[in-house]
Amino acid sequence: MKVLNVVGARPNFVKIAPLLREMAKRPQIDPVLVHTGQHYDAQMSDGFFDALAIPAPDVNLGVGSGSHAQQTAEVMKRLEPVLEVVRPDVVLVVGDVNSTVAAALVATKLGIRVGHVEAGLRSFDRSMPEEINRLVTDALADDLFATEESGVMNLAREGVPAERVHFVGNVMIDALRLAKPLWQGATVFRDLGLDPQGRYGVVTLHRPSNVDDPRRLREMVSALQELARDFPLVFPVHPRVRTRLARESVAWRTPKQPLPARGLVCMDPLGYLDFVALVSRASIVLTDSGGIQEETTMLGVPCLTLRENTERPVTVTHGTNRVIGTAPRRIVDEGLRALANPPLPQAPPPLWDGHASARIVDVLLGVAIEAAA
Ligand code: UD1
């Protein structure tokens, strides 16, 4: 069974790593890896392949950056001839980035089965590009792999037949568990001169709604600086935010320079192992990322989500996440509150047990057997 896996952006790499590892164990499966090239910097792409031991892509479409339409269209144009040559039995797409929806569209139009890993998540906020990508990908996919029960319910409400929906758990958590011995040995604490037992925090921000409006970004940065009066708050900066932050008066360090004792400190993006290691011991994490809400839930680290909504409600009901919006006063108040009264660790959400990839591959093989029968 030929499974063509499509990845494009940083979180996709994390999700595909355990899936490819699982496929390598199954002699019935012949996996092919296509990298769209949506993310291309060493820090955003190659470093993740190395850290997660992902095999080099069989094909790199090299689409790069662009507007949403340009990026999506380029992936479609460049992927179509690849699918025509490879003729896979299944195209597997992960997450909710532009590469995900583009690949689902091309494969469906060529009559190829599409599996969507991380199906059914909904923020119900159509101003988020990812929400559009999720809705379209799920409308097209033949096999929908849900990470949490809310996803299963959303798909049922949208009329997706139940036999197409598979509640399998979370491949990002498979990756986190698999890489644990590696991130536990990461050098980030030594590199930053940081005491893992001491108080420190981690911030990530990259959503257009948070970083594209200079006034909003400035207000959020001021709030984070106020929160970090007594401890270091590390902000690994996504490339799309770097130029926007250049206008703000923020401290920068390289990821090899010791941190100051307090205050917000920006740096280039960290690799997966260093980043997870840093999050795992943090006193607080403030983020607008989806995956980090899940990782903090699993690691039992207090997380404040700087958005108005989350498509991952299980991180609130079963985890350490609070969705607090972006009002500057609220960021400071909730931050101080989370530090003073950290949420109690909870049992992990259902099926976040490290076996999601195995379940997905089982379903794929089951589908092949049914189709052949
Ligand atoms: C994309 C995803 C987002 C995901 C994020 C993870 C979409 C719509 N968005 O957002 O859901 O959370 O990836 O990081 O697919 N850039 C570089 N180097 C790179 C890649 C990007 O400098 O390797 C810069 C470019 O200026 C580019 C900008 O970042 O224009 C945005 O990149 P893009 O892939 O369009 O979206 P992300 O913000 O990364």
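Residues are numbered from 1 along each chain as its sequence is written, and side-chain values use heavy atoms, with hydrogens and water left out. Because the model is predicted, local features need pLDDT of at least 70 and side-chain atom pairs count only at pLDDT 80 or more, while totals for chains, interfaces and linings use all residues.

Helices and strands are DSSP runs numbered from the N terminus (helices H or I, at least four residues; strands E, at least two). Helix H11 covers residues 214-227, and its 14 residues should span 20 Å at 1.5 Å a residue, which agrees with the 20 Å between its end C-alpha atoms. The expected span is 1.5 Å times one less than the number of residues. Leu217, Met220, Val221, Ala223, Leu224 and Leu227 of H11 are buried. Viewed down the axis of H11, the buried residues fall within an arc of 160°, so they line one face of the helix. The arc is taken from the directions from the helix axis to the C-beta atoms, and buried means under 20% relative accessible area, exposed over 50%, and partly exposed in between (1.4 Å probe, protein chains only).

Helix H5 (residues 129-140) has 12 residues and reaches 17 Å from its first C-alpha to its last, close to the 16 Å expected. Its buried residues are Glu130, Glu131, Asn133, Arg134, Thr137 and Asp138. They cover an arc of only 160° around the axis, and therefore lie on the same side of H5.

Turning to the rings, a search of the whole structure finds 3 aromatic pairs. Rings of Phe, Tyr and Trp (its six-membered ring) pair if their centres lie within 6.5 Å; planes under 30 degrees apart count as stacked, over 60 as edge-to-face and the rest as tilted. Phe48 and Tyr272 form a tilted pair, 6.4 Å centre to centre with 55° between the planes. This pair links distant parts of the chain, since Phe48 is in helix H2 (residues 42-51) and Tyr272 in helix H13 (residues 272-280), 224 residues apart. Both Phe48 and Tyr272 are buried.

The ligand is surrounded by 19 residues, of which the closest are His39, Asn98, Glu130, His206 and Arg240; a residue counts as near if one of its heavy atoms lies within 4 Å. Glu130 also belongs to the buried set of H5. An oxygen atom of the ligand is 2.7 Å from an N or O atom in the side chain of His39. For Gln71, the corresponding distance from a side-chain N or O atom to a ligand oxygen is 3.5 Å, and a polar side-chain atom of His238 lies 2.9 Å from an oxygen atom of the ligand. A polar contact is a pair of N or O atoms within 3.5 Å; within protein, one must be able to donate a hydrogen and the other to accept it, and residues adjacent in sequence count only if both atoms are side-chain atoms.

Most residues other than glycine have a negative phi. Ala53, in the loop between H2 and strand S3 (59-60), has a positive phi of about 50°. Ala53 counts as exposed because its relative accessibility is 65%. Leu351 has a positive phi of about 70° and lies in the loop between helix H16 (328-340) and helix H17 (356-372). With a relative accessible area of 29%, Leu351 is partly exposed.
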